[in-house]
Amino acid sequence: MPVAVGPYGQQQPNCFDRVKMGFMMGFAVGMAAGAMFGTFSCLRVGMRGRELMGGVGKTMMQSGGTFGTFMSIGMGIRC
């Protein structure tokens with residue numbers, strides 16, 4: 001159902017903007033999940049200091065990219 005245009009000429013975002021927004025939302029959620037799971041897994045194997053920060057950062061980027069990719073695909077299918 002289309003949304004009525006407001007008095008200032010606002011329009012809905014196009015499909016590419018929705019895909020970008022889906023990627024950014026998914027990336028943020030994936031980064032948060034990666035921070036939690038990465039911290040626990042790195043501490044479990046005994047990492048400390050710089051090695052811990054590198055391991056957690058790597059896990060955050062991997063999970064953020066993965067979840068962001070799937071969210072952007074989902075948003076692309078929706079539009």
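Modeller: A salt bridge here is a side-chain nitrogen of Lys or Arg within 4 Å of a carboxyl oxygen of Asp or Glu. The model is predicted, so local features need pLDDT of at least 70 and side-chain atom pairs pLDDT 80 or more, while totals for chains, interfaces and linings use all residues. Residues are numbered from 1 along each chain as its sequence is written, and side-chain values use heavy atoms, with hydrogens and water left out.

The part I have picked is helix 1, residues 15-44. Helices (H or I, at least four residues) and strands (E, at least two) are DSSP runs, numbered from the N terminus. The protein has 2 helices and 0 strands. Helix 1 has 30 residues, which at 1.5 Å a residue should span 44 Å, and its end C-alpha atoms are 42 Å apart, in agreement with that. The expected span is 1.5 Å times one less than the number of residues.

Begin with the salt bridge. Asp-17 and Lys-20 are joined by their side chains, N to O, at 3.6 Å. Side chains of opposite charge can pair when their charged atoms come close. Asp-17 and Lys-20 are 3 residues apart in helix 1, so about one helical turn separates them. An α-helix has 3.6 residues a turn, so residues three or four places apart point the same way. Asp-17 is partly exposed at 32% relative accessibility, and Lys-20 is partly exposed as well, at 42%. For these words, buried means under 20% relative accessible area, exposed over 50%, and partly exposed in between (1.4 Å probe, protein chains only). A search of the whole structure gives 1 salt bridge.

Next comes a disulfide, a pair of cysteine sulfur atoms within 2.5 Å. The count for the model is 1 disulfide. Cys-15 and Cys-79 form it, with their sulfur atoms 2.0 Å apart. Because Cys-15 lies in helix 1 and Cys-79 in the segment after helix 2 (49-78), the pair ties together parts 64 residues apart in sequence. The torsion about the S-S bond of Cys-15 and Cys-79 is about 40°, so the disulfide is right-handed. Cys-15 is partly exposed at 35% relative accessibility, and Cys-79 is partly exposed at 40%.

Now follow the buried residues of helix 1: Gly-22, Gly-26, Gly-30, Gly-34, Gly-38 and Cys-42. Cys-42 has a relative accessibility of 5%, so it counts as buried. Helix 2 is among what covers the buried residues of helix 1. Met-36 also belongs to helix 1, but at 48% relative accessibility Met-36 is partly exposed. Met-36 and Met-60 are 24 residues apart in sequence, with 8.7 Å between their C-alpha atoms.

UniProt, in an unreviewed entry, places the feature "transmembrane region" at residues 23-43. Such positions follow the numbering used here, feature names are shortened, and annotations may be inferred rather than shown by experiment. In the model, residues 23-43 are 100% helix and 0% strand, and the end C-alpha atoms of this span lie 29 Å apart.

Just after helix 1, Gly-46 takes a positive phi of about 95°. Helix 2 then has 30 residues and reaches 43 Å from its first C-alpha to its last, close to the 44 Å expected. Leu-52, Gly-55, Val-56, Gly-64, Gly-68, Ser-72 and Met-75 are buried in helix 2, and helix 1 is part of what covers the buried residues there.

Apart from neighbours within four places in sequence, Gly-65 is in contact (heavy atoms within 4.5 Å) with Phe-23 and Phe-27. The C-alpha atoms of Gly-65 and Phe-27 are separated by 5.8 Å, although the two are 38 residues apart along the chain. Gly-65 is partly exposed, at 22% relative accessibility.

Last, the whole chain. Of contacts between residues at least 6 apart in sequence, 78% join residues at least 24 apart. Of the 79 residues, 16% are buried. The protein exposes about 6,100 Å², with carbon and sulfur atoms supplying 69% of it. Accessible areas come from the Shrake-Rupley method with a 1.4 Å probe, and for residues only the protein chains shown count as cover.
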